[in-house]
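These are my notes from one sitting with this model.

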Amino acid sequence: MFVGTDGIRRHAVGVGLTPLNNGEDLVNDMSTSMLLRVGLPLQLTDELEQCNSDNEAAHSCWHVANEYGFQPVFDAGVERLILIVDEGSGNNLKPETLWNASTPKFVTDHYSPNVGIEEMINCVKRARK
């Protein structure tokens, strides 16, 4: 997770990311679901893809993100969502009851096909050991 100079949180990994340039004035035209999955700009991810796997790679990847105005956020928090679908079954359970009965599941590992982002993930994993 990163935050740009525009204050918008950007995801580096995950499905359904919407790349958005720093300061790009499309925010007002984006749906809520798109804003929740905003990704890093394509120009930045393209440059991160060029990072190699030498000893300096992790440092240079963080530097590249910083040069684009993005700071890493290591404690981004979690927003737990629930989607209730009514299939006409006549089930009259209250949303609060369904929420309380649900069990959250958390991702145990992250990965990226992008070489630079993967190197940053590995850097964080090494720091946690």
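Entry 1, salt bridges. I started with arginine 126 and glutamate 119, whose side chains meet in a salt bridge at 3.0 Å, N to O. My criterion for a salt bridge was a side-chain nitrogen of Lys or Arg within 4 Å of a carboxyl oxygen of Asp or Glu. I then looked up the cover on both partners. Arginine 126 is partly exposed at 46% relative accessibility, while glutamate 119 is buried at 13%. For these words I used relative accessible area: buried is under 20%, exposed is over 50%, and partly exposed is in between (1.4 Å probe, protein chains only).

Before going on, I noted the ground rules. The model is predicted, so I kept in mind that local features need pLDDT of at least 70 and side-chain atom pairs count only at pLDDT 80 or more, while totals for chains, interfaces and linings use all residues. Residues are numbered from 1 along each chain as its sequence is written, and side-chain values use heavy atoms, with hydrogens and water left out.

How many salt bridges does a search of the whole structure find? It finds three. I took the pair of lysine 125 and aspartate 109 next, and its closest N and O atoms are 2.8 Å apart. Lysine 125 sits in helix H5 and aspartate 109 in the loop between H4 and H5, so this pair ties together parts that are 16 residues apart in sequence. Both ends are partly exposed: lysine 125 has 27% relative accessibility, and aspartate 109 has 44%.

The remaining entry on my list was aspartate 6 with arginine 10. Their closest N and O atoms are 2.6 Å apart. Is arginine 10 buried or exposed? I found arginine 10 buried, at 0% relative accessibility. Aspartate 6 is partly exposed at 29%.

I counted five helices and five strands in the chain. From the N terminus their order is β-β-β-α-β-α-α-β-α-α. I took helices (H or I, at least four residues) and strands (E, at least two) as DSSP runs, numbered from the N terminus. The chain has 129 residues, and 24% of them count as buried. I also checked contacts, meaning heavy atoms within 4.5 Å. Of those between residues at least 6 apart in sequence, 52% join residues at least 24 apart. The accessible surface comes to about 9400 Å², with 53% of it on carbon and sulfur atoms. I used Shrake-Rupley areas with a 1.4 Å probe; for residues, only the protein chains shown count as cover.

Glycine 39 is buried, at 2% relative accessibility. Which residues does glycine 39 contact, leaving aside its neighbours within four places in sequence? I listed Arg10, His11, Leu17, Thr18, Pro19 and Leu20. Leucine 20 is 19 residues away along the chain, yet the two C-alpha atoms are separated by 6.2 Å. Arg10 also belongs to the salt bridge with aspartate 6.

I compared this with valine 15, in the loop between strand E2 (9-10) and strand E3 (18-19). Valine 15 is exposed at 76%.

Where does tyrosine 111 lie? I placed it in the loop between helix H4 (95-101) and helix H5 (115-128). Tyrosine 111 is exposed, with a relative accessible area of 66%. Beyond neighbours within four places in sequence, tyrosine 111 contacts Val13, Glu118 and Ile121. Its C-alpha is 8.8 Å from that of asparagine 122, 11 residues along the chain.

I found Asp46, Glu47, Glu49 and Glu67 gathered in a patch of negative charge on the surface. Helix H2 (residues 42-49) gives the most to this patch, with three residues. Glutamate 47 is in helix H2 and is partly exposed at 36%. My patch members needed over 30% relative accessible area and no salt bridge, with like charges joined within 9 Å.

Technical notes:
Patches are made of residues with over 30% relative accessible area and no salt bridge: like charges are joined within 9 Å, nonpolar side chains (Val, Leu, Ile, Met, Phe, Trp, Tyr) within 5 Å. Lys and Arg count as positive and Asp and Glu as negative; His and the chain ends are not counted. The place of a charge is taken as NZ of Lys, CZ of Arg, CG of Asp or CD of Glu.
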